[in-house]
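Please read the points below with the model open beside you. Each one takes up a single part of it.

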Amino acid sequence: MIIIEWLNKYEDYASVIFGTAFGLIARLMMLRSDYRQYPAYPHGKIVHLALGLIAGALGAVAVPALYHKDYTAITFLSLAAQQFREVRNMERTTLNAIDKYELVPRGAAYIEGIAVVFEGRNYLAIFAAFLTSLASMTISWIAGLIAGLLSLLLVHFFRRGKSIQHIAIIEMAPVKLDGPNLFVGDVYIMNVGLEENRKIIEEEGLGFILHPKNDNARVTLSNLGQRQAILHDLSTRLGVFRDEGDPLLLPLAKLGLKTGKLGLFVLPREKDKSVAYHAVCNVPLLEAAVRMPTEANHRHSQGAPNG
Amino acid sequence: MAKIVGVVTTDRNGVAGGAPIFFAKSREDLEKVAHMLEKVLDCGAHQVHEDLFIIVDRH
C-alpha cells in the first residue's frame, strides 16, 4: 500500500525506476549465451549487464527531464550513443583477438555482425526504458508497467534474425573422392594428396548442398563471410576433426559456379546427421552478407534509359 | 596467394624449377616424404599425378 501511494506521489521517481528496470530486463532478455559461446564468460556478462543498466537509466531519465523542460538533458543520449559505439569496438577487438586461435575461425564478417548486434541491443534497451518511462510519466505508473511489458514483447520480436533456412533449401550430399579430388555431390571442393587424409575424409566427412531459393539468396550464399560463419557454427556445434598442422583436414564451402549452389564439406567430431542438418538450418544470416540485387535492378529497369 | 614450397616426385625428368625438389625411390616413399613435409611445413600436400606431389603454402 505504501509503495503504491509512493508511486502515485512521486511519478518522476516511479518513471525512472520502471524505465531503468525494464531497460535492464530487456537487455537481460537479449543476453543469451548459446552454442556460439559468447558471451559465456561471467565477466563478459557482467560488462553487458552493467551497460544495460546504464542504457536503461539513460532512456528512463530522458523523459522526466524533458517533462520539466530540461532540454539539455537530451544531450546525454548522444553521450550514450558514443558509449555504445565503444561497446561495438570492444566486442570487435575481443573477438578478433580470439579468432586467431580458433581451429575454424569466425571470420571478420561474422565478428562484425556480432559486434553490431551488441550495439543494437543496447539501443533497444534504451528504447524499452524510454517507452516505459514515457507511459508512466504521461499516464500513470500502471500504464508504465503495461508499456514496459509491451516493449519487452517488441524487443523479443526484434531479437530474432533470419537464418540460412529462410534463403536456401538444404540437403545432405555424399562426400566422394575421385582419386585425389574431393567432391560433395557434384561440387568440387579440393585436391587431397595424402592417402591417410583421404581415409579420414571418407570416414568422417559430411557433405551438404545448399540450393539458393532465389537470386538474392544466391548472392548471399556466395558471400565468403557468410560461408565462413556457416563453417564456424557447424564446427562449434558438432566439434571439428582437425588439428593445427593438418591444413587439408579443413571444413570448406565451395560454390558450384554454374548452378550457384553451395557445397559444404565438414569434418564433425560428432557425426550425427540430424543434428548437423539442424545446425546448418539455424546458422544466422549475416547482415553484411544480405544483398538485394533483384530489388535494385528492378528499380533500375523502371527508369529505363532512353537515348 | 598460394605458393609451392616443395615438389616431391619419383620421376626425375618430370620436374625442374624454383621450388625445392625431393626425389623419392618409390610411390610409398613418395607418400612418406609428402606426409613428412605436410606436417613439418604445415602446408597441404596435393597430388598432381601419381608420381608427383606439390606442397602448397596457403598462409
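1. A:Asn282 sits in the loop that joins helix 10 to helix 11 (293-302) of chain A; helices (H or I, at least four residues) and strands (E, at least two) are DSSP runs, numbered from the N terminus. A:Asn282 counts as partly exposed because it has 14 C-beta neighbours inside 10 Å. The classes work as follows: buried means 20 or more other C-beta atoms within 10 Å of the residue's own, exposed means 12 or fewer, and partly exposed lies in between, with C-beta atoms placed from the backbone. A:His166 is 116 residues away from A:Asn282 in sequence, and their C-alpha atoms are 9.3 Å apart in space.

2. A word on what is shown: this is a predicted model, in which local features need pLDDT of at least 70, side-chain atom pairs count only at pLDDT 80 or more, and totals for chains, interfaces and linings use all residues. Residues are numbered from 1 along each chain as its sequence is written, while chains are lettered from A and ligands numbered from 1 in the order in which they are written.

3. Which residues of helix 10 (residues 273-281) of chain A are buried? They are A:Ala276, A:Ala279 and A:Val280. These residues are on the same side of helix 10 of chain A because they cover an arc of only 95° around the axis; the arc is that of the directions from the helix axis to the C-beta atoms. They pack against strand 1, strand 5 and helix 9 of chain A, where two residues are in contact if their C-beta atoms, placed from the backbone, lie within 7 Å.

4. Helix 8 (residues 215-222) of chain A can be read in a similar way. Its buried residues are A:Ala217, A:Arg218, A:Thr220 and A:Leu221. Their arc around the axis is only 165°, so they lie on the same side of helix 8 of chain A. The cover over them includes strand 1 (168-173), strand 5 (206-212), helix 9 (224-238) and strand 7 (262-266) of chain A.

5. Next, the nonpolar cores. A nonpolar core is a set of buried Ala, Val, Leu, Ile, Met, Phe, Trp, Tyr and Cys residues joined through C-beta atoms within 7 Å. The largest one has 57 residues, and A:Val184, A:Ile230, A:Leu234, A:Leu264, A:Val280 and B:Ala34 touch the most other members. At least three of its residues come from each of domain 1 (2-160) and domain 2 (165-293) of chain A. A second, separate core has 34 residues, among them A:Phe18, A:Leu51, A:Leu58 and A:Leu124. Leaving out residues up to four places away in sequence, A:Leu234 touches A:Pro251, A:Val266, A:Ala276, A:Ala279 and A:Val280.

6. Chain A is split into domain 1 (2-160) and domain 2 (165-293), with bounds from an automatic or database domain assignment. How far apart do the C-alpha centres of the two domains lie? The distance is 36 Å. Contacts join 14 residues of domain 1 of chain A to 16 residues of domain 2 of chain A. On the domain 1 side, eight of the touching residues are nonpolar, three polar and three charged. Here Ala, Val, Leu, Ile, Met, Phe, Trp, Tyr, Cys and Pro count as nonpolar, Asp, Glu, Lys and Arg as charged, and the others, Gly among them, as polar.

7. An unreviewed UniProt entry lists residues 13-30, 46-67 and 123-155 of chain A under "transmembrane region"; UniProt positions are in the numbering used here, feature names are shortened, and annotations may be inferred rather than shown by experiment. In the model, residues 13-30 of chain A are 100% helix and 0% strand, with end C-alpha atoms 26 Å apart. Residues 46-67 of chain A are also 100% helix and 0% strand, and their end C-alpha atoms lie 32 Å apart.

8. Where the chains meet, 13 residues of chain B are in contact with eight residues of chain A. Helix 1 (27-41) and strand 3 (44-49) of chain B each supply at least two residues to the chain B side. The largest share of that side, five residues, is from helix 1 of chain B.

9. B:Val8 belongs to strand 1 (residues 3-9) of chain B. B:Val8 is buried because 28 other C-beta atoms lie within 10 Å. Its contacts include B:Phe22, B:Ala24 and B:Leu30.
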